[in-house]
Number of protein chains: 2
Amino acid sequence: MKLQDAGLRCTRQRIELGRLLFAKGDRHFTADLLHEEAKLNQIPVSLATIYNTLQLFMTVGLVRRLATGGQKTWFDTNVSEHHHLVLEDESRIIDIPAGYLTVHQLPPIPEDTEIDRIDVVVQLKRRQS
Amino acid sequence: MKLQDAGLRCTRQRIELGRLLFAKGDRHFTADLLHEEAKLNQIPVSLATIYNTLQLFMTVGLVRRLATGGQKTWFDTNVSEHHHLVLEDESRIIDIPAGYLTVHQLPPIPEDTEIDRIDVVVQLKRRQS
DNA sequence: ATTTGTGCAAATCGTTTGCATCTGA
DNA sequence: TCAGATGCAAACGATTTGCACAAAT
């Protein structure tokens, strides 16, 4: 299973959170949303552990953090290269299907650096009717 | 001048902050950096006013907020369409020159929304020698 | 004179941390 | 057994807000 593949200890909390996150396809979530969902599913886990676990999952590549421009940190279980639509109020994040938004002609970057990743964020606003 | 063009009251703080921000070309900054700079320049202004003023400048389009993926909010005095390189530790934000990274083939978006803007963030990390 | 802005301190929000206790290997 | 994980509460950093005072029109 994913946890031991990643060299992580299989604790109750991690197993249950992993189940929530990876059971039903790709998802976008914040620490708080995941905490709420855990509560709904009767999974005993503190918010602190949620944060620790997400940090951990991130360092082993199970989830990635998104650049959304908002105050809350959003995560994505889809760690492959793809981009996002972000609704105005940050209530929702939507994947941009592959094939759109291919990025060409990378810019020059400073001497001692390399590209870690590229986030394209399309900010949407509600259309004033 | 820019302030009255935008319909804002010309207060000491706003004038001085505007001078700092727009005097020497495009800049990237956080509320805190601007506060520091104001102090260095003997401009009496509280951090709260910095925040209020930036909010205001943003709503009238004098500055824009950047999606960097970090915890601090970065602003940009260049409000035209362009994109950014972000250093790993967020210590620095660099403009991507026009002509790079043109975005093609916009994805379908939900019914009642329109595109507000597009942020492309190229996250850089230090190259391990 | 009236409206709006400012500064301070306290409040808020998301996230992290210290530490005592528990648990998986 | 015992290194590592958890939970709680306190700490933290960025940002916002309430309110008394000051300044702009």
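Four salt bridges are found across the interface of chain A and chain B. This is a predicted model, and the values given here are computed from it. One of the salt bridges joins Lys125(B) to Asp116(A), with the closest N and O atoms 3.9 Å apart. That separation falls inside the 4 Å limit between a side-chain nitrogen of Lys or Arg and a carboxyl oxygen of Asp or Glu, so the pair counts as a salt bridge. Polar contacts between chain A and chain B come to twelve residue pairs, with both residues at pLDDT 80 or more.

On the side of chain A that touches chain B, at least two residues come from each of strand E2 (64-66), strand E4 (83-87), E5 and E6. E6(A) gives the largest share of that side, 14 residues. Sorted by class, the side of chain A that touches chain B holds 21 nonpolar, nine polar and eleven charged residues.

The contact as a whole involves 41 residues from chain A and 41 residues from chain B. Between them the chains bury about 3,500 Å², and 59% of this lies on carbon and sulfur atoms. Within the area that chain A buries against chain B, 17% is supplied by Glu114(A), Gln123(A) and Arg127(A), more than by any other three residues.

Next comes the fold of the single chain. Chain A has four helices and six strands. Along the sequence they follow the pattern α-α-β-α-α-β-β-β-β-β. Taken along the principal axes, the C-alpha atoms of chain A fill a box of roughly 45 × 45 × 25 Å.

Strands of a sheet pair through backbone hydrogen bonds, in either the parallel or the antiparallel sense.

Where the chains meet in this sheet, strand E6 (residues 113-126) of chain A runs antiparallel to strand E6 (residues 113-126) of chain B, and the two pair over 13 bridges. Thr113(A) has Arg126(B) as its bridge partner in E6(B), and Val122(A) has Ile118(B).

On the chain B side of the sheet, strand E4 (residues 83-87) pairs with E6(B) in the parallel sense, over four bridges. Here the bridge partner of His84(B) in E6(B) is Val121(B).

E4(A) and E5(A) run antiparallel and are joined by four bridges. His84(A) stands opposite Asp95(A) in E5(A). E4(A) and E5(A) form a hairpin with five residues between the strands, and in this hairpin Glu90(A) takes a positive phi near 65°.

Definitions and conventions. Residues are numbered from 1 along each chain as its sequence is written. Chains are lettered from A and ligands numbered from 1 in the order in which they are written. This is a predicted model: local features need pLDDT of at least 70, side-chain atom pairs count only at pLDDT 80 or more; totals for chains, interfaces and linings use all residues. Side-chain values use heavy atoms; hydrogens and water are left out. Two strands pair if DSSP finds at least two bridges between them. Contact means heavy atoms within 4.5 Å. Buried area is the accessible area (1.4 Å probe) that two parts lose on being put together, summed over both. A polar contact is a pair of N or O atoms within 3.5 Å; within protein, one must be able to donate a hydrogen and the other to accept it, and residues adjacent in sequence count only if both atoms are side-chain atoms. Ala, Val, Leu, Ile, Met, Phe, Trp, Tyr, Cys and Pro count as nonpolar, Asp, Glu, Lys and Arg as charged, and the others, Gly among them, as polar.
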